[in-house]
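Here is a short briefing to read alongside the model. Take a look at the structure first, and then go through the notes by topic.

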Amino acid sequence: MTDLSRTANNQRTSAMPVERYRPFVPVDVPDRTWPTKKLTTAPRWLSTDLRDGNQALIDPMTPVRKLEMFELLVKMGYKEIEVGFPSASQIDFDFVRQLIEQDRIPDDVQISVLTQAREDLIERTVQSLVGADRATVHLYNATAPLFQRVVFGVTPDECRSIATRGTELVMKYAEELVGALVGSDAFGYQYSPEIFTQSDTDFALEVCEAVSDVWQPEAGREIILNLPATVEMSTPNTYADQIEYFARGLTRREHSAISLHPHNDRGTAVAATELGLMAGADRVEGCLFGHGERTGNVCLVTLGMNLFSQGVDPQIDFSDIDEVRRTVEYCTSLPVHPRHPYAGDLVYTAFSGSHQDAIKKGLEDLDRRAAEQGVPVGEMPWEAPYLPIDPKDVGRSYEAVIRVNSQSGKGGVAYVLKAEHKIDLPRRAQIEFSRVVQQRTDAAGGEMTPEAIWNVFRAEYLDQETPLRLNSVHTSSAAGEKDALTVNVYVDGELRTLEGTGNGPIAAFVNAINELAQDWDVRVLDYAEHALSAGGDALAAAYVECSVRDQIFWGVGIDANIVTASLKAVISAVNRA
Ligand SMILES: CC(=O)SCCNC(=O)CCNC(=O)[C@H](O)C(C)(C)COP(=O)(O)OP(=O)(O)OC[C@H]1O[C@@H](n2cnc3c(N)ncnc32)[C@H](O)[C@@H]1OP(=O)(O)O
Ligand SMILES: CC(C)C(=O)C(=O)O
Ligand SMILES: [Mg+2]
């Protein structure tokens, strides 16, 4: 029998106080339908970078930075933008006023503002919207038992009343202060049972129904019911179950937008959002690069790009992702992680040899198939090993895709030479040169830049001048005869004239060299050449695999004349030997 004991779990019980924690109890939805649903269209997006994102910054954004963030969001295509918590501070209030008074809100963009369900705050919040062409007021109160008991000291009935009374007050102050907007979609209303994930789902639904009873949604007067994972509590499927359960129980569904507002406490906000959308939600709130309270709001960049990578238009423009990243880093004073999906510095970069090899082959395959089909490579359906999207589609270039360090192999080194210098090394030459590079990276550690790789390549193959350096070449051949060759070569610095004949100029040259020094015993094993550039003054590269004193060496020659390039390649191999 097979002895499994060596593969069994031999981990030890940790010393952590695990007994202090209890598993999350999910809502029971045995006939859930979301697992088989597919995401085929973009949801409505709301960016809360200027509110949830901003309230969680070490240094909240200055008005100048807020404006820059707002303009970025508009440019990217967000049509719903939560611009602040106007009752929280004069800065937030003034920013909303600035947007309105300076007419900075495009006609198709709906700003929204958040408030607690407190009368003075509601009045101030609606006050901030005077003069707006369209806007949404977003009211919240926590519905979780812990918050009812500890934070508010209320019963469930009183908790529901906070929400309904708050809604009435929003309507009252809206009538009084921005009456012209009321009664149309220009004045939107959003309610959030904060801490939805820790609330009893039936109770959250009951409060939302009571709020809807007050607001009376109908055609042209929707209500947004936003169901926040204020704190992410469990695996993403439990959030999806809560959303499906809520959506099934909701009356007036056709006039209600179900919105998700996931935070990332367990690191699964993106997954929870995607499953929540499959479970029937219409709308998503989040922040660029996952800024926001504690571990952040769900990342809108990842969500949008995940759709894009499946052939679903996110309806948001990520085509210059570095510009988006730079602006957000400037506005928030927080760096984006180098491994952030889609936008991190390193996410389209392969260091390891087998990845580089596969990517190089994949890109060459795409180029070849595009040429065969006569279409630009940018129009080919994307398919490349290890790269879920084409970096060029988000404004990244291939130059940075493959970077070389001690983990790299021949594919990466060859890719850099080809991409940067059009040197297309034959396979065995790639193996030889990558060993040379590996010796350097092993010795020096760290990354080897394309410039450093080129310098090593030059020193190894192109710049060695002893014992041989080519000075001039003269060949002659007549039909049916062997090639005759006369070359002037510096041999250890002394100019000599060598003569040889053979089947072709390379063979003639090798014969001449073997005359010069018989113990070198030079033999040519393989040969390849290609043009390096087009046009009259084009350069050619020649690669020669030689046996010299029974050891194998590759040589490389570059010249405008292909015969001269080949002879230089032979000399390169001999000099390396
Ligand atoms: C999950 C979220 O992200 S929710 C959004 C959170 N964002 C923010 O809070 C940022 C902006 N907020 C602020 O700057 C401040 O809270 C202010 C200026 C709005 C209000 O400040 P203060 O009046 O000092 O009150 P404070 O913030 O301490 O609020 C606590 C009080 O509000 C009550 N409260 C809290 N949330 C709500 C709510 N949603 N609805 C009604 N009352 C609420 C609390 O029960 C507490 O009441 P108590 O003083 O009677 O015990
Ligand atoms: C105000 C609400 C929507 C919120 O930010 C949260 O619950 O996380
Ligand atoms: Mg939040």
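The chain has a radius of gyration of 34 Å, whereas a compact globule of 577 residues would have one near 25 Å (taken over C-alpha atoms, with the globule rule being 2.2 Å times the number of residues to the power 0.38). This is a predicted model, where local features need pLDDT of at least 70, side-chain atom pairs count only at pLDDT 80 or more, and totals for chains, interfaces and linings use all residues. Residues are numbered from 1 along each chain as its sequence is written, while chains are lettered from A and ligands numbered from 1 in the order in which they are written.

**Overall build**
- The C-alpha trace spans about 105 × 70 × 45 Å along its principal axes.
- The chain has 17 helices and 14 strands (DSSP runs numbered from the N terminus: H or I of at least four residues, E of at least two).

**Around ligand 2**
- The shell around ligand 2 includes Asp52, Glu194, His261 and His263 (C-beta atom, placed from the backbone, within 6 Å).
- Strands β5 (187-194) and β6 (223-229) each give two or more residues to this shell.

**A helix pair**
- Helix α13 (residues 410-421) packs on helix α14 (residues 427-444) at an angle of about 95°, with the axes 9 Å apart (lines fitted to C-alpha atoms over the stretch in contact, with angles from 0 to 180 degrees between N-to-C directions).
- α13 and α14 are therefore roughly perpendicular (65 to 115 degrees; under 35 is roughly parallel, over 145 roughly antiparallel and the rest oblique).
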